[in-house]
Amino acid sequence: MSSGLFLDGEPWVDWSWVSTHIPTILGYLGQHVEFTVISLAGGIVIALPLGVAAQRRRGLRLPLLGAFGTFYTIPSLAFFALMIPYTGISDLTALIPLTLYNVLILLRNVTVGLDEVPADVLDAADGMGYRPFARLLRIELPLALPAMLAGLRVATVSTIGIITIASVIALGGLGELIYEGFIESFRTPLVVGMVLCVALALVADVSLAAAKRLAVPWARSG
Amino acid sequence: MNRKLGPRWLLAGLAALAIAATACGSTPSSSGSKGTITVAGFNFAESSIMAELYAQALEHDGYTVNRKLRLGPREVVGPAIKSGQIDLYPAYAATDLEYYNSGAGEASGDVNATVQKLNARLQPLGLEALTPSAAVDQNAFAVTKATAAKYNLTKLSDLAPIGNQLVLGAGPECPTRPFCLPGLQNTYGIHFKDFKALDTDGPATRAAFANGAIQVGLVFSSDSDLNKLGLVVLQDDKHLENADNLVPIIRTTLATDEVKSVLNKISANLDTKTLITLNGQVELNHQDPDAVARAFLQQHNYFA
Amino acid sequence: MDFLHGVWLWFTNGSHWQGSDGIPTRLGEHVHLSFEAVVIGAVIALPIGVGLGHYGRFGNLAISVSNVGRAVPSYGLLVIAFTVFGLGDGPIVLALTALAIPPMVTNSYVALSEVDPDIKEAARGMGYRELVQLLRIELPLAVPLIMAGVRTSAIQVVATATVAALVAGGGLGRYIVDGFAQFDYTKLFAGALLVAALALATELLLSGLQRTLVPKGIRLLTASASRRATAFKTA
C-alpha cells in the first residue's frame with residue numbers, strides 16, 4: 001500500500017529476494033529481448049519492401065501509411081486483448097501487434113530515407129549503367145540507411161516500453177516483475193523490472209547509435 | 001585491417017540476429033513423460049498457489065506440465081479451457097457453477113449438490129470437476145472497522161437501509177457476476193451510491209479503503225491480512241455466497257484415473273485454515289507461490 | 001460484421017452515455033488527465049528546452065536526459081506513482097507529465113539551436129537586446145518545431161492515459177480494462193476506437209492551432225523541420 005517514499009521503513013530493494021530470484025529475472029529479461037528482436041525483425045522484413053514500393057509509386061504511399069498508421073493508433077493493451085480470441089495466450093498475441101507498430105515507424109523512415117537520396121546521385125548511377133535493382137541495393141538503400149537506422153532506434157525503445165504492457169495479460173517479459181510489484185505491494189520486483197527495462201532500452205539505443213556511426217560514418221549525427 | 005563495417009554487413013547482421021532469435025524461440029519436446037497438461041490459474045495469489053500444487057504434484061508423477069499462471073478472471077479462463085488452450089484449473093464450486101450455467105441460480109450451500117450440478121453443466125463441454133476440497137474461499141464483502149462501528153454493521157442485510165450512502169469497490173467483473181452486484185441488489189436490496197472498478201482484494205481496493213474512496217469492498221474470505229488492514233467481513237446472512245469449495249476442473253480427455261488420484265489427494269489435504277496460512281506466506285512474507293507450494297508438498301511427503 | 005454491428009449497438013445504447021461509467025464521463029476524465037499532464041509538462045519542458053537551445057549549452061545533456069525519459073516504460077511509471085502516492089488522479093498526472101516532458105524538451109532545444117545564426121547576427125547588428133531578440137526573432141521561427149513537439153507529446157499522453165486504468169484510474173482505458181475482465185469484447189473495441197478517435201482529434205486540433213499561430217512566411221520557411229516530428233508510442 002502507498003504511504004510515501006519509504007513505506008513503513010520498507011526498503012526499495014530487498015537484495016535477498018533479488019539474489020534468490022536471479023533465474024526468474026533473467027528469464028523475463030530473455031523473453032523481453034526475444035519479443036523485441038523478433039518484432040523488430042518482422043517489422044523490417046515487412047517495412048523494407050513495402051517502403052521501397054511506396055517510395056516508387058506515389059499512389060501506394062498514402063494507403064500503406066494510412067493502413068499501418070491505423071494499427072498504430074490502437075492502444076496496445078486493446079490490441080493484445082483483441083488478438084486473444086485468435087491467437088490465444090501465446091507469443092503471437094504479443095508479437096503481431098508489436099510487429100505492426102514497428103512497421104509504421106520503419107515504413108515512414110524507409111520512404112523518407114529513400115526520398116532524400118539526391119536526384120543527381122540517382123542520375124549518376126543510371127549513367128554508370130546500374131540496373132534498377134542493383135541501384136536500389138548498392139546506392140539508394142545505403143544512402144537511406146541513416147534515416148532507417150534513426151527509425152530503428154525509435155522503434156526499438158518504443159517496443160521495449162510497450163512489451164511491459166503485454167505482461168498484464170501474462171504474456172511474459174520484464175513487465176511481469178512490474179505487475180508482481182503492483183499486485184503484491186512489493187517494491188523490489190517493481191524496481192528490478194523498471195531498472196532492467198530502462199537499462200535494456202538505453203543499451204539498445206546506444207548500440208544502434210554506435211552501429212550507425214560504424215556503418216555510415218559520413219552521415220550527420222541525429 | 002581498418003575496414004569500417006559497411007551498410008550491407010549491418011543489414012545481414014540484423015537478418016542473422018532475427019533468424020537466431022526465431023530459432024531460440026522453439027521449445028524442445030520432452031520424451032518419456034506420461035503426457036502434457038497445461039495448468040492455469042486466476043490472477044490472484046491463492047489461485048497461483050493452487051495451480052502450483054497441482055502442477056508440481058503432476059510433474060512429480062511423471063507428467064510434463066505447462067503453466068499459465070495469472071491467466072485472468074474466469075471470463076478469460078473459462079473460454080480458454082473450453083477451447084482446449086488449457087487443460088486444468090483450480091475452480092470454486094459455486095461460482096464456477098454459476099458461470100457455466102450463465103447465472104441460473106443453481107448453486108447452494110451444499111457442496112456435493114453444487115458439484116453434481118456443476119458436472120452436469122461441464123459434461124457437454126468435455127470437462128469435469130473432480131472431488132471438492134474442504135478448503136473454501138468465498139467472495140466476502142468487507143468494511144473498515146470504523147465504518148462498521150459508525151453504522152453498527154455485522155451482517156450484509158445491515159447495509160440495505162444505508163446502501164445509497166456507500167460506494168462499493170470490486171473487480172471490474174463484479175457488475176456482471178450474479179454473486180456480486182446483481183446479487184446484492186436482488187437478494188439484499190442494497191443499492192449502492194456508486195461502484196468503483198478496482199481489483200478484487202488487490203492493492204487498488206486496499207488503497208481505496210485507506211483513502212475513503214470506497215466504504216464496502218469485495219475481498220476473499222481466505223485472505224490472510226484482512227485483520228491487519230483493519231477490515232471486517234460482513235456476515236452473509238442471506239447466503240448469497242454459496243459453497244465455494246476448491247475443486248479441480250479438468251478436460252475429460254486428460255482425466256485419467258492416475259491424474260484424478262493425484263489431484264484428489266491434494267484436495268483432501270487442504271482445508272480453509274491451511275489455505276489462509278499458505279496465502280499468508282505469499283501475501284505477508286513475499287514468498288513465491290511455487291516455493292510455498294513446494295514446501296507444502298514436501299511437508300506432506302508428496303515427493304517421498 | 002456481426003461484431004462491428006455489436007459495436008455500433010454499443011455506441012447507440014443510451015445507457016452508455018450516462019452515469020459514472022458513461023462515455024461523456026470517461027472521455028472527460030481522459031481529457032482532463034491528458035490536458036493537465038501536457039500543460040504542466042510544457043510549463044516545465046519548454047523553458048528548459050528554449051533556454052538551452054538559445055544559449056547552445058548542455059545540449060547533449062538535454063538530449064541524453066530525454067533519451068532516458070523515452071526509455072522509461074509508461075506502465076511501470078504509473079505503478080511507481082501508485083505505489084508511492086496511492087490512488088487518485090494526482091499520481092497519474094504526475095506519471096503522465098514525466099512522459100510528456102522529453103519530446104517537448106528535445107524539440108524545443110533543437111528548434112532554438114537550429115535558428116539560422118545569420119538571422120541572429122543580423123538581429124544583433126540591428127540593435128536588438130538579447131531577450132527581445134529571443135522573443136521576437138528566435139521564438140517565432142522556432143514555433144513550428146516546438147509545436148510539433150507539443151503535438152507529439154499530447155498524442156503520446158492521450159494514448160498512454162489508457163494505461164492509467166490498469167492502476168485503477170479512470171478515463172477511456174477503463175472500457176478496455178473492464179471489457180477484458182468482463183470478456184466483453186464489444187466494450188473493449190469501443191474503448192479502443194474512442195481512444196484512437198481522441199488521439200486523432202488531438203492531432204487535428206493542435207495542427208489547426210499551429211496553423212493559426214504561426215505566420216505564413218515562417219511556416220513556409222520551416223516546413224521541412226516540422227515534418228520531422230516522429231510519433232513515439234509508449235502505450
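A: At 32% relative accessibility, Asp115(A) counts as partly exposed, where buried means under 20% relative accessible area, exposed over 50% and partly exposed in between, computed with a 1.4 Å probe on protein chains only. The structure is a predicted model, in which local features need pLDDT of at least 70 and side-chain atom pairs count only at pLDDT 80 or more, while totals for chains, interfaces and linings use all residues. Side-chain values use heavy atoms, with hydrogens and water left out, residues are numbered from 1 along each chain as its sequence is written, and chains are lettered from A and ligands numbered from 1 in the order in which they are written.

The partner of Asp115(A) is Arg58(A), and their side chains form a salt bridge with an N to O distance of 3.7 Å, the term standing for a side-chain nitrogen of Lys or Arg within 4 Å of a carboxyl oxygen of Asp or Glu. Because Arg58(A) belongs to helix 3 (residues 58-73) of chain A and Asp115(A) to helix 5 (residues 91-115) of chain A, the pair ties together parts that are 57 residues apart in sequence; helices here are DSSP runs of H or I with at least four residues, strands are runs of E with at least two, and both are numbered from the N terminus. Arg58(A) itself counts as exposed, at 59% relative accessibility.

Another pair in chain A joins Arg135(A) to Glu140(A), whose closest N and O atoms are 3.0 Å apart. Arg135(A) is buried at 14% relative accessibility, and Glu140(A) is buried as well, with a relative accessible area of 2%. These two residues also take part in a network of salt bridges that links them with Arg56(A) and Asp126(A).

In chain B, the side chains of Arg206(B) and Asp225(B) meet in a salt bridge, with 3.0 Å from N to O. This pair links distant parts of the chain, since Arg206(B) sits in helix 8 (residues 203-210) of chain B and Asp225(B) in the loop between strand 8 (216-220) and strand 9 (231-233) of chain B, 19 residues apart. Both partners are buried by the accessibility rule, Arg206(B) with a relative accessible area of 14% and Asp225(B) at 6% relative accessibility.

The pairs described here are among the 26 salt bridges that the rule counts over all chains.
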